[in-house]
Amino acid sequence: MAITNVSKINDDREVNINRAAIEHRATWMGLIYDEARKAGLDAEAICRRAIKRCGNMHGDNYRAACLDPENVEDFRKAFLPKLGLDTFEMEVTDCDRDNLKIDFHYCALVNAWKKLGFDDDTCATLCDIAMDGDRGIAESMGLTLDLDDTIAKGCLTCRLHFHK
């Protein structure tokens, strides 16, 4: 497994600012995880619970922003503004009333963890923990999230499928 995570959008000021903020958040997450683990705590369980709570809070906000929270197309509008799409170089591959499929072609979180020197296995663990935020969003929206591929596992994209 070798992580390949190369951005193609590099000259957009707002995207770069957003990526820097996301990398900063990922740096905190990675260092908290590492320090908790070194202290003999169950770092993974602690981080998962906290990040899922955060995802549930965001999911509640997305749900409130939807004209019809039962329509996944409305969720897409709330969840995927242009800046977010560009930041993660996302491609929506399918969207209808019951499904939203997204491919992420770049991940600022993985970029931060690699800068910290974490090995690929630790990056994959941190990625899956971070995805508990998205799982929490899905849960609050009454959806299921399938995570088919991730950049942190050495795949070319992260493939997310939100569905009823």
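Glycine 40 follows helix α1 and has a positive phi, near 85 degrees. This is a predicted model: local features need pLDDT of at least 70, side-chain atom pairs count only at pLDDT 80 or more, and totals for chains, interfaces and linings use all residues. Numbering starts from 1 along each chain as its sequence is written, and side-chain values use heavy atoms, without hydrogens or water. Helices (H or I, at least four residues) and strands (E, at least two) are DSSP runs, numbered from the N terminus.

**Helix α1**
- The 26 residues of α1 should span 38 Å at 1.5 Å a residue, and the 37 Å between its end C-alpha atoms agrees. The expected span is 1.5 Å times one less than the number of residues.

**α1 against α2**
- The axes of α1 (residues 13-38) and α2 (residues 43-65) come within 8 Å and cross at roughly 145 degrees. Axes are lines fitted to C-alpha atoms over the stretch in contact, with angles from 0 to 180 degrees between N-to-C directions.
- Contact (heavy atoms within 4.5 Å) involves Met29, Tyr33, Ala36 and Arg37 of α1 and Ala43, Glu44, Cys47 and Ile51 of α2.

**Aromatic cluster**
- Ring pairs (centres within 6.5 Å; planes under 30 degrees apart stacked, over 60 edge-to-face, the rest tilted) link Tyr62, Phe75, Phe79 and Phe162 into a cluster.
- Phenylalanine 75 and phenylalanine 79 lie four residues apart in α3 (residues 72-79), and both are buried.
- Phenylalanine 75 and phenylalanine 162 pair edge-to-face, 5.2 Å centre to centre with 65 degrees between the planes.

Note on methods
Buried means under 20% relative accessible area, exposed over 50%, partly exposed in between (1.4 Å probe, protein chains only). Rings of Phe, Tyr and Trp (its six-membered ring) pair if their centres lie within 6.5 Å; planes under 30 degrees apart count as stacked, over 60 as edge-to-face and the rest as tilted.
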